[in-house]
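Subject: Structure handover

Hello,

The structure is below, and my notes on it follow. Please read them with the sequence open beside you.

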Amino acid sequence: MTIEKAKTALKKYFGYDEFRPLQDEIIQSVYDGKDTVVIMPTGGGKSVCFQIPAVTMEGTALVVSPLIALMKDQVESMRAIGIKAAFLNSSITANERFEIEGQFQSGTLDLLYVSPEKLASQDFQSVLGSAKISLFAIDEAHCISSWGHNFRPEYRQLKLLKQKFPNIPVIALTATADKVTRKDIGEQLNLVEPKLFLASFDRPNLKLEVRPGQKRWEQIINFVSNHRDEAGIIYAMSRKSCESLAAKLQGKGLKANYYHAGMNSDQRNKIQESFINDEIDIICATVAFGMGIDKSNIRWVIHYNLPKNIENFYQEIGRAGRDGANADTMLFYSYADIMFLKKIIEDDGDNGRELMQSKLDRLQQYATSPICRRKTLLSYFGEYLAENCGNCDVCDMPPTSIDGTELAQMALSAVYRMNGQANSNILIDVLRGSGRREIVENGFQNIKTYGVGRAYTYLDWRAYIEQLIQQGFLEIALDDSYKLKLTKASQDVLFNSLKVQLVKPASIKEREESAAASAATKQGKTADFTWDTELFQVLKALRYKMAKAAAIPPYIIFGDKALQEMAAAKPITRDNFLTISGVGERKADQYGTEFLGAIKAYGKEKGIPDEDMFKPVLKASSKSRASKTSKSAKIPTRQITLEFYNKGLSLVEIARERGLKKNTLLDHLLYYHRDGLEIDIESIVDYDEDLLKKIKDLTYQQEDSPPKMTPVFVALDEKVSFDQIRIYFAILETRGAL
Ligand code: ADP
Ligand code: ZN
């Protein structure tokens, strides 16, 4: 069997032009009769690796899968593209079973999905013996390892396969990467010198974002209003939050519901079905949700609470965007969640405590470090990303590093004067001069540092204190009500003028503005093409209607990505239609009339002549899209700012155009200035030359380098706003005067 044949089948059945990285090599390995182990992230494209051999090789491919609920779905997807598939598990009747076993033995099936129990059962052995089998595919293969988190004792019986059928290749697939599990898979299945394929864990279409865990509800509402009619999941820690979130979303007129382990299985199935069938848009769920679903058009995932570790987090966000279209993920990070999880780990006794602790630390690092999120995430899986990804909040809003010595001194000296009684909330209240009872009762209003940090918001202080903890200038006493303690390093800041670098936190508002701006530029766009959003909605509605009539989930008809491409290319003939990625021959036959009809009608309605309709989209090859170099092809937000600047727009105009804060834009431009580009900020702002001179003198009077804004603010009698001062600072910087 040749890979050319596999490629033809990929186009014919799936409607895809090219294999994703490794898929072709994996298929070749199966063709060569080798045992093969495949490790690929969720949504990476594992199934194709056994489905293509199944449809091109002689005999039936037997697929072992632990999730009965998924089998039906997968079989439906296969049938929808013209591949002959069936499943055998405990959910079917005896009659159905006989019929399917008969088809299997007479060789009319390409694929047969079975549960591990079924495969090992006595009565199935004779059936197995008399059928022609092309290969065994073991899906979710990590279930065989007792090291993994999903150990299934039934999987151990799969050892028999290699004994009984030494010459039939076995392909084992999983998204779980750790080395122990990987080794265990080969050993437990008795594989013969298995070839290992380890795909990249990167999922470039997932936008990564972390937000402070304050005002979560407001943030969620703003977020979902930018994601109208899109399917999404909100993961929360407690059942109660799931229920109350769902109720509040319903109250806003959104199609939302909840799902958790406290419901009976009928209720759960009902909710899950409605979600799969696009009848509910938003599911608020505990981690119990998601395992058994294949829904490929989930457009966003929010983590209301912090997950326990990066593996769980990645698996959960991995449920979004499986169709390859863009999807957004947002993690709320709060120190309270960290403390809560730490407590759980402590209470858990010695049971792997250190490991769990260090895994939580890595997740915290992901949420708080000022470097590209994807870099942090992939480094956890042992991968190195050379360039910043351009599709995370850090890349969108590069953090500004500031001299935080003065801030650190304020905080540390307050801790010192509060005699070990400060936790971070009280500390912030003291720094900001709050008059609340606890402060007064303790006499904290009398200490020297009371109110010195008024110029900063509560959230700013939270971020700074956290950074001080992470840099080792403060410690948290877990055994003493989370009180803050000074460290040896803090002495150096207080008494030996040690300098502290901090990162200036963006406010929630700035983050929302930036996210909305990037959502707006993404609306109707992928890295490859721009689509007609109105036509996309028309096609989505048609998909929903047809799915309903056929009683199958909408995404089985076409993925969002395919609809987006249709809405971009506007195909009007069958040949046009077949150029769309995700439209194979069977689907062209089955759905062509309706979809092409809808597209033509849309063209008529808009007065577009037929010859102007079909414009095939230029696709970057899927290989280069998945490769790391293509990341730089995405336009970083600061570059868009630069383009506006080059067009000669004023700062105010750019701010309006982009929906971003002036400060953010200044950061973008200063970035290019530092990079050596000539940036003339004076030309795009209104400023006063006298005031500029005054501010320059004030900065020269400071000993600090770079100079601070607060002393300038004070020296100018608090009459010039920080925002203004920031602009003057930027001008001075571009003039080389700072
Ligand atoms: P996994 O099983 O690894 O989670 P799937 O096999 O379900 O992933 O594939 C995820 C999505 O990617 C599916 O919608 C699938 O059709 C699509 N896909 C797989 N291979 C390709 C390819 N070569 N080109 C385009 N899309 C692909
Ligand atoms: Zn990034």
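S424 sits in helix 19, residues 424-431 (helices are DSSP runs of H or I with at least four residues, strands are runs of E with at least two, and both are numbered from the N terminus). With a relative accessible area of 16%, S424 is buried (buried means under 20% relative accessible area, exposed over 50%, partly exposed in between, with a 1.4 Å probe and protein chains only).

On conventions: this is a predicted model, in which local features need pLDDT of at least 70 and side-chain atom pairs count only at pLDDT 80 or more, while totals for chains, interfaces and linings use all residues. Residues are numbered from 1 along each chain as its sequence is written, chains are lettered from A and ligands numbered from 1 in the order in which they are written, and side-chain values use heavy atoms, with hydrogens and water left out.

Domains

The domain assignment gives domain 1 (3-198), domain 2 (206-396), domain 3 (400-505), domain 4 (533-612) and domain 5 (625-734); such bounds come from an automatic or database domain assignment. Taken over C-alpha atoms, the centres of domain 4 and domain 5 are 46 Å apart.

Zinc site

The zinc ion (ligand 2) has the SG atoms of C372, C389, C392 and C395 as its protein donors, at 2.3 to 2.4 Å (donors are N, O and S atoms within 2.8 Å of the metal, or 3.2 Å for Na, K and Ca; water is not among the atoms, so sites may look incomplete). The arrangement is tetrahedral because the angles between the 4 donor atoms run from 101 to 118° (four donors count as tetrahedral if all angles lie between 85 and 135 degrees). The spacing of the donor residues in sequence is C-x16-C-x2-C-x2-C. C372 lies in the loop between helix 15 (353-368) and helix 16 (373-380) and C395 in helix 17 (residues 393-396), so this pair ties together parts 23 residues apart in sequence. Both are buried: C372 has a relative accessible area of 3%, and C395 has 11%.

Ligand 1

There are 14 residues around ligand 1, of which Y16, E18, G43, K46 and R322 come nearest (a residue is near a molecule or strand if one of its heavy atoms lies within 4 Å of it). Oxygen atoms of ligand 1 lie 3.0 Å from a side-chain N or O atom of R20, 3.1 Å from a polar backbone atom of G45 and 2.9 Å from a polar backbone atom of K46. On its own ligand 1 has 560 Å² of accessible area, and the protein covers 83% of this (Shrake-Rupley method with a 1.4 Å probe; for residues, only the protein chains shown count as cover).

In helix 3 (residues 47-56), 9 of the 10 residues are buried, among them F50, I52 and V55.

Most residues other than glycine have a negative phi. D717, not a glycine, has a positive phi of about 55°, and E718 also has a positive phi, near 55°. D717 is in the loop between helix 34 (709-715) and helix 35 (722-734), and E718 is placed in the loop between helix 34 and helix 35. D717 is exposed at 55% relative accessibility, and E718 is exposed at 53%.

Regards

Note on methods:
Four donors count as tetrahedral if all angles lie between 85 and 135 degrees; four count as square planar and six as octahedral if opposite donors are over 155 degrees apart and all others between 65 and 115; anything else is irregular. A polar contact is a pair of N or O atoms within 3.5 Å; within protein, one must be able to donate a hydrogen and the other to accept it, and residues adjacent in sequence count only if both atoms are side-chain atoms.
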